[in-house]
Amino acid sequence: MLAYVWLWYSPDLMAVKQWASQASHYPVVIIGVMVIMAVTLAIGLPGSIGLWLIAPFYPPLVATVMLTLSSVAGALGAYQIAARAGKNWNPSGLTLKVMKMLEQRSDLMTQCALRILPGFPHSVINFAAGLRSISLKTYLLAATLGLAVKWGVYSSAIYGALEAIEEENALQFDVLLPLIALALLLLIGAWFRRRVEAARNVY
């Protein structure tokens, strides 16, 4: 609602973007945004706020590193919270299904696939892994690899699209490629999630 009221009065969006771009290079701002993202993921909230506070203002490589570090820190926090909860937590729905899947398959490739595909909330994977106490080493490695790939695609798509709009240039192939990859990930992620939903009786 606040964002709607703000946009209703037509602010100078380019001035806001310029201010945000300047502020984003202060070390305090960088650390603050990364900490916020890590904490939100650790307590089960979406990390999307971190994506939109980082990807538009940093080159894709820098943004990918920042997003990956924040996400892995949040994933570790969520894992520890769930592991401490243990038997006192009785999950249901998708979390329970992912738990049962991890009982059957918790190898590096499976966990990487869950991280890369956009169809799965990271909090579900984090809590399910902690509740099942799967190998922490494999869990962190899969989170790092999978999220680095995913955030790399997201960062490139957002940064490239915003640059093309700002410079009033037609979208070139190097800008369209991350968008195409993102669209494919979304389609595959939706299909994979439907498979998990359909296989609930198998587990």
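Reader: What makes the span of α5 agree with 1.5 Å a residue?

Author: In this predicted model, the end C-alpha atoms of α5 are 37 Å apart. The expected span is 1.5 Å times one less than the number of residues, so the 26 residues of α5 should span 38 Å, and the two values agree.

Reader: Why is T64 called buried?

Author: Buried means under 20% relative accessible area. The value for T64 is 12%, and therefore T64 counts as buried. This residue lies in helix α5. Leaving aside residues up to four places away in sequence, T64 touches A148, W151, G152 and S155.

Reader: Which residues make the nonpolar surface patch?

Author: The patch, of about 540 Å², is made by I31, V35, V39, I43, L45 and I81. The largest share of the patch comes from α3, with three residues. Other positions of α3 are buried, namely V33, M34, M37, A38, T40, L41 and A42. As background, an α-helix has 3.6 residues a turn, so residues three or four places apart point the same way.

Reader: What makes a group of residues a nonpolar core, and which members touch the most others in the largest one?

Author: The members of a core are buried nonpolar residues joined through side-chain atoms within 4.5 Å. The largest such core has 18 residues, of which L51, I54, Y58, L67 and W151 touch the most other members. The elements giving two or more residues to this core are α3 (27-42), α4 (48-54), α5 (60-85) and α9 (136-166). Of these, α9 gives the most, with five residues. In soluble globular proteins, nonpolar side chains tend to be buried together.

Reader: Which residues does L67 touch?

Author: Not counting residues up to four places away in sequence, L67 touches M37, G50, L51, I54, W151 and S155. W151 and S155 are also among the residues that T64 touches.

Reader: What makes the phi of S133 worth noting?

Author: S133 has a positive phi, near 50 degrees, although this residue is not glycine. Most residues other than glycine have a negative phi. S133 is placed in the loop between α8 (122-132) and α9.

Reader: How many helices and strands does the chain have, and what share of its residues is buried?

Author: The chain has 10 helices and zero strands. Of its 203 residues, 40% count as buried. The accessible surface comes to about 11,800 Å², and carbon and sulfur atoms account for 68% of that area.

Reader: What share of the contacts joins residues at least 24 apart in sequence?

Author: Among contacts between residues at least 6 apart in sequence, that share is 81%.

Notes:
Residues are numbered from 1 along each chain as its sequence is written. This is a predicted model: local features need pLDDT of at least 70, side-chain atom pairs count only at pLDDT 80 or more; totals for chains, interfaces and linings use all residues. Side-chain values use heavy atoms; hydrogens and water are left out. Buried means under 20% relative accessible area, exposed over 50%, partly exposed in between (1.4 Å probe, protein chains only). Helices (H or I, at least four residues) and strands (E, at least two) are DSSP runs, numbered from the N terminus. Contact means heavy atoms within 4.5 Å. Patches are made of residues with over 30% relative accessible area and no salt bridge: like charges are joined within 9 Å, nonpolar side chains (Val, Leu, Ile, Met, Phe, Trp, Tyr) within 5 Å. Accessible areas come from the Shrake-Rupley method with a 1.4 Å probe; for residues, only the protein chains shown count as cover. A salt bridge is a side-chain nitrogen of Lys or Arg within 4 Å of a carboxyl oxygen of Asp or Glu.
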